[in-house]
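Dear colleague,

Here is the structure I said I would pass on. My notes on it follow below.

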Amino acid sequence: MARVVLPNELARELAGGQKELEVEAENFRQLLKALDRRFPGMGDRLRDGVAVAIDGEIFQEPFLESIGEDSEVFFLPQIEAG
Amino acid sequence: MSDSASGFKWVGTRPVRPDGLDKVTGRANFGADFTMPGMLVGRILRSPHAHARVAGIDASAALAVPGVKAVVTAEDFPEIPDGDLMVGEGPMNFRDLSCNVMARGKVLYDGHPVAAVAATSRAAAEEALDRIRVDYEVLPHVVDVLEAMEPGAPLLHENLFTEGVDPKPDRPSNVASRVEFSLGDVEAGFAEADVVVEGEYTTEAVHQGYIEPHAAVASVGEDGHCTVWCSSQGQFMVRAYCAKLLGVENSRIRVIPSEIGGGFGGKTTIYVEPVALALSRKAGRPVKIVMDRDEVFRATGPTSSTHVKVRIGATKDGRITAGDTELRYQAGAFSGSPVQLGCMTAFAPYHLDHVRAVGYDVVVNRPKCAAYRAPGAPMAAFGVESALDELAGKLGMDPLELRLANAAREGTKAAYGPRFRQIGYVETVEAALAHEHYRAALGPNQGRGVASGFWFNIGGQSSAAVHVNEDGTAVVVDPNPDIGGSRASMAIMAAEVLGIDYDRVRPIVPDTSSIPYSDMTGGSRVTFAVGMAVVEAAKQVVEELRSRAAKVWDVDVDGVVWENGEARPASSNVGEFEPLSLAALAEGSAKTGGPISGQATINARGAGPGFGTHVCDVEVDPDTGRVTVLRYTAVQDVGRAIHPSYVEGQLQGGAAQGIGWALNEEYVYSEAGTLENPGFLDYRVPVASDLPMIDTVLVEVPNPRHPYGVRGVGEVPIIPPLAAVANAIRHACGTRMNHLPASPPRLLAALDAAKLPEAAD
Amino acid sequence: MAKRHVTTTVNGEPREFLCEVDQTLLDALRDELGLTGSKEGCGSGDCGACSVMLDGRLVCSCLALAVEAEGREVETIEGMADGDRLHPLQRTFLEEAALQCGICTPGFLVAAKALLDRDPDPSETEIRYWLAGNLCRCTGYDKIVRAVQKAAVEMRAEA
């Protein structure tokens, strides 16, 4: 099970304040589906405009990334270019 | 690093940049240097008010001026619904962008465009601007970030409700959002502390200060196909944004990039391009708009002015137990300050179990903020790194040793959440500690300050092509505007892969129709991400060359290796063949399958975070408050320097911009909310006589995710200087400057205040 | 308003152009003569990107009127190289990576040449003060100053 950390605002809005959760997913697409099943509407909110850190590496576009059995997945704002 | 030590022939060397000759002879074409037959001059009418309702615009007298061919206002752009759209690199609110390019209903800052004119001469266009009658109903304004947050402050947008607070507010305000990043339990962390430091820190708005004003030529044909020549940090960005603002398909617009005369983030958006397009569409002729410098200051860039609260707790032996910060950043007239990035970077160099950063994004009657080098990070670092200096003082610890004792390492959970992989922060602190500068003697009124900084660095969508010419040279098609020598880096990497001389590789920067999409030049991503695409495309060429040699020799391709720019038999079993050079294979390519070329499109991953540590010596003149920077050393983990001179240049230039931010640069607003210093005379960027040589130490902890170990380098060096300078001032004269810039009047006032007897309060 | 006819010498060649009476020398060079190497960064004499020589004196061409060029000699960045031989400053700017974006480079080169023409052996401080009227936002000036120092050494060796 991957450990997922949601953005504060979304946790409050859609997950009843639960920020950290365990999710069974082999890749980011499955993760979005699983989150959406648990918290309807969350998948849409996380599909665009967010970056994700998977095991410490930041992906500006995580759609195709795979997720390991013990991965840590953090949702982050996209990093602006200077 | 010598060639033999690194094993590279070109990587790490310092050849002359391929575009250098054009740039030292005046031949290089920048944004304002392009002309077309029949071209009109476009000029923009700007609001003289900080905040006003536009009740009406009457352009009839302007259109009667001889030579005037078109006038446009917001009516000439489609009204765009509110909300973010995903375009190119990320979400963008195109309603805000459209309203910023041309005011709709209200003007929100001094300099906000309300109309534009195209005429046969500048004089006619200027006269027409004078004759446009705009009926303004002036409204109360607010330019200060804290005042804008007060209840009852003049409201910029009636539909702006703070996001990120619970319950959702039922009234609009100027606070667009609240964000929070936290780890552990901050109050528990402070309970463990023996020493706590607290402070409030203020920075003023500063401009990117690129020397080239925004400029564009636009031509709209009768068939609706548009061409734009302009200076930007990304021609694909210009295409996508202009298409949205004009309501046309992307493919109708072709953007041809000029050379770019500096950007630093300020050219990651559009200002004059859609206006020139709208004027050209209406006038039926090409239109050129070049901003004057006062327009650049009043209506482009800048970055946020900020208010930052910091609290840090530590044990007696120097272990930080908790860090807490509250950041208030103004975004200008539309939401979107870089406060989130300020929150995420504030404590990033340190290993903290308990940390919290809360940020507020606040709109005010100032120009809409644009990205500026490491957006949001320098102001947060100013607060945290100043507070750490205070902490070191209270603990009686060396400030670098304090940082080293708490430094983030591989596996450290970053303050913004994830765990770091391979990083080189510790190495930068150790290199600063070991540097002779750190032990050099100081005289009276002199002091030394240190500070560190962190930036994420990014990868992103990137494309590149490598074409082999018939004469055995190669073209690298590099879709990213070359803002600081990136052509040289691309040519070096291509030459390294191909095994041919650097001088035989020629990079070009193409238009939007000549190569697939690439993200902007920004975020310290080009040498890393576009470099990966170039390496990939060059490897494809090598594979093709091997296969061509295999055909010539009539052997299996596995029997051919590529070494030093030549195909050779992999072993004597393959057969006895004279090596075939790239030039020979190119010359004979008609016989072996036609032209030889490679093209790569990638979404680059694995950008390595960057860390820097700076050491600054200053002298304070106690009679005038003037600060002289005596010596400066910038240490940074750069992964691997492809062209060390241009890497050093990034460190030196970033440090100089940070020093300007710390000592002189600031937006000054009048009571009426108009900008009082929109020129280089009164907005004082550092000049040559203000600075010493800036020493650099390139620490190379290679990024394992890049073929040559590259980390982005451009962003980090602007982060440490604000606090490094302020800390040096503190040690020179005993006065802590919590408000930057520490310009002579402000420092003198602080010195005088420090002299007053404490009984005064 | 009738345009004025100006006869002048630019980079050693006789040139003529028509201009408005209030047109700057910079605009005339760029728009009438097609010499776009001189850049406008500010239009107020603060950035030095438009530096040219007028009768041997370093001026900001954005602060000079085009009609002032009448009968005088103008030297711009386009005239700095001798045929295909770069001026030593042009070469050392390239070797020392003294430019990043390059927009300020023509102004710096014209100003630095003016310095070395009058003082072949300036100190670092003299170089920094002489070039204080030229803004560079990319380099922090370090490599620019070093390039000028290097060119000065080479030019003294040749002289």
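**Interface of chains B and C**

Chain C and chain B bury about 3800 Å² between them, with 59% of that area on carbon and sulfur atoms. On the chain C side, the residues that lose the most area to chain B are L94(C), Q100(C) and R137(C), which together make up 22% of what that side buries. Please keep in mind that this is a predicted model.

In terms of contacts, 42 residues of chain C meet 52 residues of chain B. Two pairs of chains are in contact, and chains B and C are the pair that shares the most contacts. Chain A and chain C, on the other hand, do not touch, and their nearest C-alpha atoms are 14 Å apart.

How many salt bridges does the rule find across the interface of chain C and chain B? There are four. In a salt bridge between E665(B) and R137(C), the closest N and O atoms are 2.7 Å apart. R137(C) is also one of the three chain C residues named above for losing the most area to chain B. Polar contacts across the interface of chain C and chain B come to 21 residue pairs, both residues being at pLDDT 80 or more.

On the side of chain C that touches chain B, the elements giving two or more residues are α2 (88-95), α3 (105-118), α4 (124-130) and α5 (142-158) of chain C. Of these, α5(C) gives the most, with five residues. Sorted by class, that side of chain C has 20 nonpolar, ten polar and twelve charged residues.

**The second largest pocket**

The second largest pocket holds about 1300 Å³ of space. Its lining is made up of 40 residues, and those nearest the centre of the pocket are V41(B), R122(B), Q23(C), D27(C) and D31(C).

Which elements supply at least two residues each to this lining? From chain B they are β1 (40-46), α5 (122-131), β14 (287-290) and α10 (293-299), and from chain C there is α1 (25-32). The element that gives the most to the lining is α1(C), with five residues. By class, the lining of the second largest pocket divides into 17 charged, 14 nonpolar and nine polar residues.

Best regards

Terms used: Residues numbered from 1 in each chain as written. Chains lettered and ligands numbered in written order. Predicted model: local features only at pLDDT ≥ 70, side-chain atom pairs only at ≥ 80, totals over all residues. Heavy atoms only, no water. Contact = heavy atoms within 4.5 Å. Buried area = accessible area lost by both parts, 1.4 Å probe. Salt bridge = Lys/Arg side-chain N within 4 Å of Asp/Glu carboxyl O. Polar contact = N/O pair within 3.5 Å; in protein donor to acceptor, adjacent residues only side chain to side chain. Helix = DSSP H or I, 4+ residues; strand = E, 2+ residues; numbered from the N terminus. Nonpolar A, V, L, I, M, F, W, Y, C, P; charged D, E, K, R; others polar. 1 Å grid on protein atoms, 1.4 Å probe; cavity = no way out; pocket = protein on both sides within 12 Å on 5 of 7 lines; lining within 4 Å. Points joined across faces, edges and corners; volume = space filled by probe spheres on them.
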